[in-house]
Amino acid sequence: MLIFERSHPGRRNAAQAPNYTATVSGIPAALLRTDQPLLPEASEMDVVRHYTGLSQKNFSIDTHFYPLGSCTMKYNPRACNTLAMLPQFLARHPLAPDSTGQGVLACLHGLQEILKDVTGMAGVSLMPMAGAQGEFAGIAMIRAYHDARGDTARTEIIVPDAAHGTNPATAVMCGYTVKEIPTDANGDVDLDALRAATGPQTAGLMLTNPSTLGVFEKQIQAIQKIIHDAGGLLYYDGANLNAILGKVKPGDMGFDVIHMNLHKTFSTPHGGGGPGAGAVGVAQRLMPFLPLPVVAKEPPSPPPSPTGRGNSHGVGGEGSYRYLTEKDLPQSIGHLSAFSGNIGVLLRAYVYARMLGAEGMHRVAEFATLNANYLMAELHKAGFTVAFPQRRASHEFIVSMKPLKDATGISAMDVAKRLLDKGYHPPTTYFPMLVPECLLIEPTETESKETLDAFVAALKEIRDEAYATPELMKGAPHTMPVRRLDDVKAARELDLTWKPATNTRAA
């Protein structure tokens, strides 16, 4: 139901109306309205019930199990939200001088240091506003590095066929040609294909480890040697960092640049287009190219001179913080958006990291891996087809519904839609495309054994329904506010605009 459907002419909600009289001046008469805007007219109670009802129809991590593979949809601790919304943080203007924002800058610098530590990188910029922009920053820095050396013959980026779809798109946006290489039967990069694809034209390789197939690249040392021996650089897609947090560092694997989805691994809100943060970390050779601004810590001020004039910084003790600019990093790839990144998300990530501590980060990876392997084992035991049963799962794994489709005609998409009726958000479907009728499942570390067991039971019920009542499955979901859409029509003829039946006000 739309709020317009609750509208009645003349109904008012005056208790919440602002107490001021608007005045208009200086606007040409031709641009002024001649009639009232078409707005809903409803009571306060109707408005409250309408929007509360809409919120109850939403799937969210607060209300449902959300096992989206490669998306790490885990619980966002309320303490992080509360502290990030302290009035002193919210009130700071982005154009205020560094001297009036030392608390904010100290937190951001602390987050940079934490991210450097957990990734093994030499430097970090918090500027990218999302994972995709973090990817762009990473490949842009690789390009800047080669260009600064006059190595302009490097025109190709190598991308495994199991990569996230944004990887090749990012490479093309940065002016590179993409060369795809296959994955072998065990889910690892095909080393022979990698050697054949690598040469003086290679600018770099984009890889995530663990990969989107849910397995850790056992040959990562050989991979990095092939690329580095050819003069290329390694880019780490940090979407799956949740699986190795505190256990192994991308820097130790030989990666030169990494983006980190703070809105995944560091448990800040994301989804629906935002917000997000895709911080980037770099090895020493890419430090000059970091996107701006970067928070730096100045050394403590010297003690007052014998003349009593003091020092020029005006601060002492612990030192002070400031943003680095183009004067400090003249080779920087520059600013990626206005001001200083998504500060609210960055502060939430900082609080989350401080709450966890080093030992807590170890537990994140341990329980994420434990939950994934437990769920994979239970589904395998129940007769579902696991894509790589010979491999241990990292934080996610793949189940193929192809045997079910061959036997009943019920597809992975039908299963996903029916899961909605069972009270579970579906896993990622049809990605990676290497596995037919694919469900990519990521339980995360925040889910209980009881939740995982109930999810297994729901999938078993759905499988039984596929054999007994396939038409029920093909019509799912049956309990959602919106039934199954024509995906092609929705993509090509999307219409999200409400229009009144007549030119008169809604009745």
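**Strand β5 and the labels around it**

Reply: Strand β5 (residues 233-238) is mostly covered, as six of its six residues are buried. This is a predicted model, where local features need pLDDT of at least 70, side-chain atom pairs count only at pLDDT 80 or more, and totals for chains, interfaces and linings use all residues. Residues are numbered from 1 along each chain as its sequence is written, and side-chain values use heavy atoms, with hydrogens and water left out.

Me: What makes a residue buried, and which residues sit on each side of β5?

Reply: Buried means under 20% relative accessible area, exposed means over 50%, and partly exposed is in between (1.4 Å probe, protein chains only). On one side of β5 you have Leu233, Tyr235 and Asp237, on the other Leu234, Tyr236 and Gly238, and all are buried, so both faces are covered. In a regular strand the side chains alternate between the two faces of the sheet. As for the names, helices (H or I, at least four residues) and strands (E, at least two) are DSSP runs, numbered from the N terminus.

Me: Which strand else pairs with β5?

Reply: Strand β6 (residues 257-261) does, in the parallel sense and over four bridges. There, tyrosine 236 stands opposite isoleucine 258.

Me: Why is the contact between aspartate 147 and arginine 143 called a salt bridge?

Reply: The term needs a side-chain nitrogen of Lys or Arg within 4 Å of a carboxyl oxygen of Asp or Glu. Here the N to O distance is 3.7 Å, so the pair qualifies. The two are four residues apart in helix α5 (residues 131-148), which means a separation of about one helical turn. Aspartate 147 is partly exposed at 38% relative accessible area, and arginine 143 is partly exposed at 31%.

Me: What are the accessibility labels of aspartate 151 and arginine 154?

Reply: Aspartate 151 has 21%, so it is partly exposed, while arginine 154 has 11% and is buried. They form a salt bridge with the closest N and O atoms 2.6 Å apart.

Me: What makes phenylalanine 4 and tryptophan 498 a stacked pair?

Reply: Rings of Phe, Tyr and Trp (its six-membered ring) pair if their centres lie within 6.5 Å; planes under 30 degrees apart count as stacked, over 60 as edge-to-face and the rest as tilted. The structure holds six aromatic pairs. In this one the centres are 3.9 Å apart and the planes at 10 degrees, so the pair is stacked. The pair ties together parts that are 494 residues apart in sequence.

Definitions and conventions. Pairing = 2+ DSSP bridges.
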